[in-house]
Amino acid sequence: MRVTCPHCGSKATITSRENIADNVSDLYVSCTNVKECGATFVSSLAFKHYLNPPRGDVARLAAGVLKNLPKPMQIELLDRSQL
Ligand SMILES: [Zn+2]
C-alpha cells in the first residue's frame with residue numbers, strides 16, 4: 001500500500017497501526033522527505049465492501065437458494081453446473 005504525505009506529496013512510511021474498530025485502523029505515518037518536510041500524520045484505513053464475496057459465502061448462499069427449489073429443478077441445475 002502506498003501512502004503519500006498530504007503536505008509535500010512525497011512517499012511516506014507507515015510506522016504503526018492501531019485497530020480502532022472492526023475493519024477500521026488508524027495508520028501512523030512518517031513522510032520520507034525528512035530534509036524539507038518530515039511531517040508525521042495519522043491516516044485511516046477502513047474496509048468498504050467486497051468486489052467478490054468470499055468463496056464460502058457464495059457456496060452457502062447458493063446452497064440456501066438451491067434447497068428452496070423443487071427437487072427436479074435442483075437436479076437440473078446441478079447437472080447443468082457440471083458442464
Ligand atoms: Zn512531507
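Which residues does valine 29 touch, not counting residues up to four places away in sequence? The first legend answers this, and every view shows a predicted model.

**View 1. Valine 29 and the largest nonpolar core.** Leaving aside residues up to four places away in sequence, valine 29 touches Val3, Ala12, Thr13, Ile14, Thr15, Ala39, Thr40 and Phe41. Valine 29 is also one of the 7 residues in the largest nonpolar core.

View 2. The SG atoms of Cys5, Cys8, Cys31 and Cys37 coordinate the zinc ion at 2.3 to 2.4 Å. Along the chain, the donors follow the spacing C-x2-C-x22-C-x5-C. Cysteine 5 and cysteine 37 link distant parts of the chain, being 32 residues apart. Cysteine 5 lies in the loop between β1 (3–4) and β2 (11–21), and cysteine 37 in the loop between β3 (24–31) and β4. Cysteine 5 counts as buried because its relative accessibility is 4%, whereas cysteine 37, at 23%, counts as partly exposed.

**View 3. Geometry at the zinc ion.** The site of the zinc ion has 4 donor atoms and is tetrahedral. The angles among these donor atoms run from 97 to 116°. For four tetrahedral donors, the ideal angle at a metal is 109.5 degrees.

**View 4. The loop between β2 and β3.** Asparagine 23 is found in this loop. The phi of asparagine 23 is positive, at about 65°, although the residue is not a glycine. Asparagine 23 has a relative accessible area of 56%, so it is exposed.

**View 5. The aromatic pair of phenylalanine 47 and tyrosine 50.** The count comes to 1 aromatic pair. The ring centres of phenylalanine 47 and tyrosine 50 are 5.0 Å apart and the planes stand at 65°, so the pair is edge-to-face. Phenylalanine 47 counts as partly exposed, at 44% relative accessibility, and tyrosine 50 counts as exposed, at 51%. Tyrosine 50 is placed in the loop between β4 (40–46) and α1 (55–67). Between the C-alpha atoms of tyrosine 50 and valine 29 the separation is 26 Å, with the two residues 21 apart along the chain.

**View 6. Glutamine 74 in helix α2.** Glutamine 74 is placed in helix α2, which covers residues 71–81. Its relative accessible area is 14%, so glutamine 74 is buried. Not counting residues up to four places away in sequence, glutamine 74 touches Leu66, Lys67 and Leu69.

**View 7. The annotated segment, residues 4–51.** An unreviewed UniProt entry lists these residues as "domain: Zinc finger Ogr/Delta-type". Over residues 4–51 the chain is 56% strand and 0% helix. The end C-alpha atoms of this segment are 25 Å apart.

Terms used:
Residues are numbered from 1 along each chain as its sequence is written. This is a predicted model: local features need pLDDT of at least 70, side-chain atom pairs count only at pLDDT 80 or more; totals for chains, interfaces and linings use all residues. Side-chain values use heavy atoms; hydrogens and water are left out. UniProt positions are given in the numbering used here, feature names are shortened, and annotations may be inferred rather than shown by experiment. Helices (H or I, at least four residues) and strands (E, at least two) are DSSP runs, numbered from the N terminus. Rings of Phe, Tyr and Trp (its six-membered ring) pair if their centres lie within 6.5 Å; planes under 30 degrees apart count as stacked, over 60 as edge-to-face and the rest as tilted. Buried means under 20% relative accessible area, exposed over 50%, partly exposed in between (1.4 Å probe, protein chains only). Donors are N, O and S atoms within 2.8 Å of the metal (3.2 Å for Na, K and Ca); water is not among the atoms, so sites may look incomplete. Four donors count as tetrahedral if all angles lie between 85 and 135 degrees; four count as square planar and six as octahedral if opposite donors are over 155 degrees apart and all others between 65 and 115; anything else is irregular. A nonpolar core is a set of buried Ala, Val, Leu, Ile, Met, Phe, Trp, Tyr and Cys residues joined through side-chain atoms within 4.5 Å. Contact means heavy atoms within 4.5 Å.
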